[in-house]
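Biologist: Could you take me through this structure? I have the sequence and the coordinates open beside me.

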There are 2 protein chains.
Amino acid sequence: MSLLVVGSLALDTIETPFGKAEEVLGGSSVYISVSASYFVEPVRLVGVVGSDFPKSAIEFLENKNIDLAGLQIIDTGKTFRWGGKYHYDLNVRDTLYTHLNVFEHFKPVIPESYKKSSYVCLGNIDPVLQQCVIEQIQNPRLVIGDTMNFWINGKRKELLKAIEMMDVLVLNDSEARLLSNEPNLIRAAKIIMKMGPRIVIIKKGEHGALLITEKTIFSAPAYPLENINDPTGAGDAFAGGFIGWIAKTDDLSDENLKRAVVYGSTLASFCVEKFSIERIKDLSHLEIKDRFLEFRALSHFEENNL
Amino acid sequence: MSLLVVGSLALDTIETPFGKAEEVLGGSSVYISVSASYFVEPVRLVGVVGSDFPKSAIEFLENKNIDLAGLQIIDTGKTFRWGGKYHYDLNVRDTLYTHLNVFEHFKPVIPESYKKSSYVCLGNIDPVLQQCVIEQIQNPRLVIGDTMNFWINGKRKELLKAIEMMDVLVLNDSEARLLSNEPNLIRAAKIIMKMGPRIVIIKKGEHGALLITEKTIFSAPAYPLENINDPTGAGDAFAGGFIGWIAKTDDLSDENLKRAVVYGSTLASFCVEKFSIERIKDLSHLEIKDRFLEFRALSHFEENNL
């Protein structure tokens, strides 16, 4: 089924204790689209870049069969840039700079050919823009959105309106606590479900992810990586793997949502192995399937009837 | 198979945002023994109390078929007391007081009848005492031990010697990081395995537990409790459920270790539902089995061959 992705495209400069990458391809819509491209073709992308956005990046996205009819290229502006530095404990990072550039005045315009997209994945952008996208789509089967502390604190009212229009909200544990004002994650998820989404996914980084629906709670483990080089984009790779699997299968049963969470975790686990999209840019289907099965081995146990 | 438990017996006073319990039964050996008593009978307990230790507590432990031949009752002293207060976020607690009392000069004396115990579970006590216990046991099949920041920081040398003598080390995530000086938990576990134990279990509280052996990594989820009233003793209930299952089945295969981790998680999940041992003091085998199966439902997913 068709999948529309809306979010940022960026040039990131990232420092971790294990290395540095300068002006590399990043942004939520890039991580989401590339991750989803292993399941759905083409992925429809809506975003904005400046005249300095590398031709090679455009070609790469096109080669992944990502439809760029919705990509605005502003000749007079520069691409969104973000710089961040991770600490020894990779859970902590400092933002060194955020230059919004052309992203500051981004207005997502959905091409006519995208308006009947079945699945819509909204990266972590201004909730007013998230609303504006959802309003342009005719009867989507499922809308999934991400958010962050910045919007929860700064644009709560607009965010609540956007969330109300979503079927799935994906957020991390600290964001779930902040949004719900409840430290217990299961209760937090249930409070968030009352805000609109019928499915809540809480990403817990190195502790895996929780899926909460009306009837199901599912806990996916994290992949036990010993070498994490760059956590940037992991949450977006998760969203891309999740929605990619859902769009491929067009099956919204709880059992299939669980599998989607594991495919999301699979893409996220690849993502953090290398800087930028280096590790997820050229995966084979066999690699993805093998890791999916490793997740199964990691969490399954059999009953022993004594 | 026979199981020996050595640790503290205490009278705890606990405050949480959800209530308060005064002078209630606590201590690592109590939580471990009671949890293990659902799998092994009798559990052999070695510990110390003062003359003020309630008769009702003695009767309760005897009714759980816990063998108290190794319990020293010091007529001239008072029982160990601990007071703690949990914050709104139950992951944070303040110790209000620690009165070691008779526990200060505790020397574990293993009764002759206990010296051939097959399984030995050492609560979080001074590593010198842990060594002293292990030395008294003749060819145990498996020794499992717990520790804490206090010993890692304060008696590292003695602790390393005790750990070297253990087959299984159970500790929480912050303790694993502290002991190994490595933030990545999988790497931390591998470093700890080089210290001696061939099995490392890292408890992650609300994020579940990790089992690491030479050939297996297993991730058990946490039970999605909405109402946690008192986290005290959860780690000991985990250890008791784990070693209880192992002693019952006498099966040290990785597959059975996984089940043991889930039985440990099961007992821990019951433990935190009420204050002290209130919730685990009178469980039925059906309740335990049902929750074990809920853990299974929580983490299992099936492959979908497309």
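Modeller: What follows goes from a single chain to the contact between chains, and then to some individual residues. Please keep in mind that this is a predicted model.

Biologist: Understood. How many helices and strands does chain A have?

Modeller: Chain A contains 10 helices and 13 strands.

Biologist: And what does the C-alpha trace of chain A span along its principal axes?

Modeller: The trace spans about 70 × 40 × 35 Å. For 306 residues, a compact globule would have a radius of gyration near 19 Å, and the 18 Å of chain A agrees with that.

Biologist: What percentage of chain A counts as buried?

Modeller: Of its 306 residues, 51% count as buried. As for contacts in chain A between residues at least 6 apart in sequence, 66% of them join residues at least 24 apart.

Biologist: Let us turn to the sheet of 9 strands. What is the strand order?

Modeller: In chain A the order is E5-E4-E1-E8-E9-E10-E11-E12-E13, and the sheet is open with mixed pairing. Strand E5 (66-74) and strand E13 (217-220) of chain A each have a single partner strand, so they stand at the edges and one side of each is left without a neighbour in the sheet. On average, neighbouring strands of this sheet are turned by 15° against each other, direction ignored.

Biologist: Which way do E1 and E4 of chain A run, parallel or antiparallel?

Modeller: They run parallel, with 4 bridges joining strand E1 (residues 3-6) to strand E4 (residues 43-50) of chain A. Within that pair, A:Leu4 has A:Arg44 as its bridge partner in E4(A).

Biologist: Which strands does helix H7 of chain A lie across?

Modeller: Helix H7 (residues 185-194) of chain A lies across strand E10 (168-172), strand E11 (199-203), strand E12 (209-212) and E13 of chain A. The helix runs at about 140° to E11(A).

Biologist: Now the two copies. What rotation superposes chain A on chain B?

Modeller: A rotation of 180° with 0.0 Å of shift along its axis superposes them, with an RMSD of 0.0 Å. That is the relation of a two-fold axis. The same surface serves both copies, as 97% of the contact residues of chain A recur in chain B.

Biologist: How many residues of each chain are in contact?

Modeller: There are 30 residues of chain A in contact with 30 residues of chain B. On the side of chain A that touches chain B, the elements giving two or more residues are H7, E13, helix H9 (254-271) and helix H10 (285-299) of chain A. H9(A) gives the most, with 5 residues.

Biologist: What classes of residue make up that side of chain A?

Modeller: The side of chain A that touches chain B has 12 nonpolar, 8 polar and 10 charged residues.

Biologist: Over to chain B, then. Is helix H1 of that chain mostly covered or uncovered?

Modeller: Helix H1 (residues 28-36) of chain B is mostly covered, with 9 of its 9 residues buried. Among them are B:Val30, B:Tyr31 and B:Ile32, as well as B:Ser28 and B:Ser29.

Biologist: What do E2, E6 and E7 of chain B do?

Modeller: Strand E2 (residues 10-16) and strand E6 (residues 80-86) of chain B pair in the parallel sense over 6 bridges, and B:Leu11 stands opposite B:Arg81 in E6(B). E6(B) also pairs with strand E7 (residues 93-99) of chain B, in the antiparallel sense over 6 bridges. A hairpin through 6 residues joins E6(B) to E7(B), and the bridge partner of B:Gly84 in E7(B) is B:Thr95.

Biologist: Where does B:Ile134 lie?

Modeller: B:Ile134 lies in helix H3 (residues 127-136) of chain B. Leaving aside its neighbours within four places in sequence, B:Ile134 is in contact with B:Val120, B:Val143 and B:Met165. From B:Ile134 to B:Lys115 the separation is 19 residues in sequence and 9.7 Å in space, C-alpha to C-alpha.

How values were computed
Residues are numbered from 1 along each chain as its sequence is written. Chains are lettered from A and ligands numbered from 1 in the order in which they are written. This is a predicted model: local features need pLDDT of at least 70, side-chain atom pairs count only at pLDDT 80 or more; totals for chains, interfaces and linings use all residues. A residue is buried if 20 or more other C-beta atoms lie within 10 Å of its own, exposed if 12 or fewer, and partly exposed in between; C-beta atoms are placed from the backbone. Two strands pair if DSSP finds at least two bridges between them. Axes are lines fitted to C-alpha atoms, for helices over the stretch in contact, and angles run from 0 to 180 degrees between N-to-C directions. Two residues are in contact if their C-beta atoms, placed from the backbone, lie within 7 Å. Copies are superposed by least squares on the C-alpha atoms of residues with pLDDT of at least 70 in both. Ala, Val, Leu, Ile, Met, Phe, Trp, Tyr, Cys and Pro count as nonpolar, Asp, Glu, Lys and Arg as charged, and the others, Gly among them, as polar. The radius of gyration is taken over C-alpha atoms; the globule rule is 2.2 Å times the number of residues to the power 0.38.
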